[in-house]
There are 2 protein chains.
Amino acid sequence: MTNDDSNVMETSGNRAGWKQDPEGVRSNILAIALEEFSRNGLSGARMDEIAARTRTSKRMIYYYFQDKEGLYRRVLEEAYRKVRRGEEALELDHSAPQDALRQLVEFTFDHHSRNPDFIRLVMIENIHHGEYLRQSEVIRNLNAAAIARVQIIYDKGVSDGVFRPGLTSLRIHWLISALSFFNVSNQKSFSLLFGEDLFSESGQTTLRTQASETVLRYVCKDLS
Amino acid sequence: MTNDDSNVMETSGNRAGWKQDPEGVRSNILAIALEEFSRNGLSGARMDEIAARTRTSKRMIYYYFQDKEGLYRRVLEEAYRKVRRGEEALELDHSAPQDALRQLVEFTFDHHSRNPDFIRLVMIENIHHGEYLRQSEVIRNLNAAAIARVQIIYDKGVSDGVFRPGLTSLRIHWLISALSFFNVSNQKSFSLLFGEDLFSESGQTTLRTQASETVLRYVCKDLS
DNA sequence: AATTTAATGTACTAGATAGTTAAATACGTC
DNA sequence: GACGTATTTAACTATCTAGTACATTAAATT
């Protein structure tokens, strides 16, 4: 009879007073998982490691996200959402087309540079042949905006007579992405093979200018 | 007495007549390992799977390459060597600078496109922060040639008065690499988000032209 | 021919890792 | 305030995986 109480006490330990906080727990898991997947890749990341760094336990990860791939998918979605939200900060519509385009390129360049975790996730996703990106309708709907932004600037530039006609916003967007993405994605290999000059603070400033110059020279009718 | 013979026979199986072929075995292992690492990444690749696809056994992989990382390092080195050998095929020194540069860009664009396994290895290596690239002195010595090739063309163009001065061969090489690399590395994510148009056969032809145009417009004094 | 060395095959193991089982605790609702 | 559901904990397991021990055969050397 009297033993029951003591048994319960013995195993209770620090479980005495915990508060429920589903949303907090979920977002805490996602934040840590983003770091781990981004650092180590899908197969490289360890569920035990993620769990340990979390304020909760491994069981909760499976409770909320089913399995490792489910967690990865949610991390990917969340990363895209966050980055796209960040892009909405840019406001440039009433500038001259050349200025607007320059601003767009330099903003994108900086934005990628500030979000290396996101870049790494996209790299990882490409390693996996876009398998998980393909499964997410959410993400696919977030990206029309990027093309539309270029389209507006380009159309204005053409009708102003400063941009050459015959280009497409898709290809201009591809060019901007290529320069901004590569700058982050291949920073390690490039600096190991060719030196660190381009990736110092001043090197990056110059490279950003080079990027916008490159795009402008590609799009403009005459060189300014 | 008489049992000894039969015992030996029973376990001998297909091991009767095998020939030694160290170099063949080594290169067979490397070729399969390249495919597996390139497809699945360092932590994603499975030693058992590599061994199974090999004409030899797992034991031999460890015999020749010590451990998984040792194998990966050799695969990386071999891939760089092979790709750099492929680049030596290009011969263009006595063309006009604009033509030479255009040829160089389009050659690089195609060369990357033909070697997706190599591109994937470089992506994977960047995910690993260039950890293994850093360890290989072999590779670091292979890359001066790429810059030198650009330098020759650029110097000629400047002294001919067709290229603008003040640029560096390093930055021009960075630009060429960015366009050629991104085209392969981000093909999956880009086509999933923005459609497959750029990656059809005709789309790629146009994109290659866009790449060389981009570089030329960046480098040339006046637009042709 | 005997002996040594290099190359290969087979079977195994220790540890890592994704995922589970079973039970306890908080919270909303009647 | 009793009851059912959502949330959380801790300990456990089956499997996967890198790496090894040990035996064996081909070639080189003497």
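The largest cavity holds about 340 Å³ of space. Of the 26 residues that line this cavity, B:R84, B:E87, B:H112, B:H173 and B:S177 are the closest to its centre. A cavity here is a set of points, on a 1 Å grid over the protein atoms alone, where a 1.4 Å probe fits but cannot get out, and a lining residue has an atom within 4 Å of a point. Grid points are joined across faces, edges and corners, and the volume is the space filled by probe spheres set on the points.

The model is predicted: local features need pLDDT of at least 70 and side-chain atom pairs pLDDT 80 or more, while totals for chains, interfaces and linings use all residues. Residues are numbered from 1 along each chain as its sequence is written, chains are lettered from A and ligands numbered from 1 in the order in which they are written, and side-chain values use heavy atoms, without hydrogens and water.

**Cavities**

The structure holds five cavities of 30 Å³ or more. The lining of the largest cavity draws at least two residues from each of α12 (187-194) of chain A and α5, α6 (97-114), α7 (116-127), α10 (144-159) and α11 (169-185) of chain B. Helices are DSSP runs (H or I, at least four residues), numbered from the N terminus. The largest share, five residues, comes from α6(B). By type, this lining has 15 nonpolar, eight polar and three charged residues. Nonpolar covers Ala, Val, Leu, Ile, Met, Phe, Trp, Tyr, Cys and Pro, charged covers Asp, Glu, Lys and Arg, and the others, Gly among them, are polar.

The second largest cavity holds about 300 Å³ of space. Its lining has 25 residues, and the closest to its centre are A:R84, A:H112, A:H173, A:S177 and B:F194. Here α5, α6, α7, α10 and α11 of chain A and α12 of chain B each supply at least two lining residues. α6(A) gives the most, with five residues. This lining divides into 15 nonpolar, seven polar and three charged residues.

**Salt bridges**

Over all chains there are 24 salt bridges. A salt bridge is a side-chain nitrogen of Lys or Arg within 4 Å of a carboxyl oxygen of Asp or Glu. Three of them are listed here.

| Salt bridge | N to O distance |
|---|---|
| A:R81 and A:E78 | 3.7 Å |
| A:R149 and A:E87 | 3.4 Å |
| B:R81 and B:E78 | 3.7 Å |

A:R81 and A:E78 are three residues apart in helix α5 (residues 68-87) of chain A, so about one helical turn separates them. A:R81 is partly exposed at 27% relative accessible area, and A:E78 is partly exposed at 26%. Buried means under 20% relative accessible area, exposed over 50% and partly exposed in between (1.4 Å probe, protein chains only). Salt bridges also link A:R74, A:E77, A:E78 and A:R81 in a network.

In chain B, B:E78 and B:R81 both lie in helix α5 (residues 68-87), three residues apart. B:E78 is partly exposed at 27%, and B:R81 is partly exposed at 26%.

The side chains of A:R149 and A:E87 also meet in a salt bridge. A:R149 lies in helix α10 of chain A and A:E87 in helix α5 of chain A, so this pair ties together parts that are 62 residues apart in sequence. A:R149 is partly exposed at 22% relative accessibility, whereas A:E87 is buried at 9%.

Conventions:
On a 1 Å grid over the protein atoms alone, a cavity is a set of points where a 1.4 Å probe fits but cannot get out, and a pocket is an open set with protein on both sides within 12 Å along at least five of seven lines; lining residues have an atom within 4 Å of a point.
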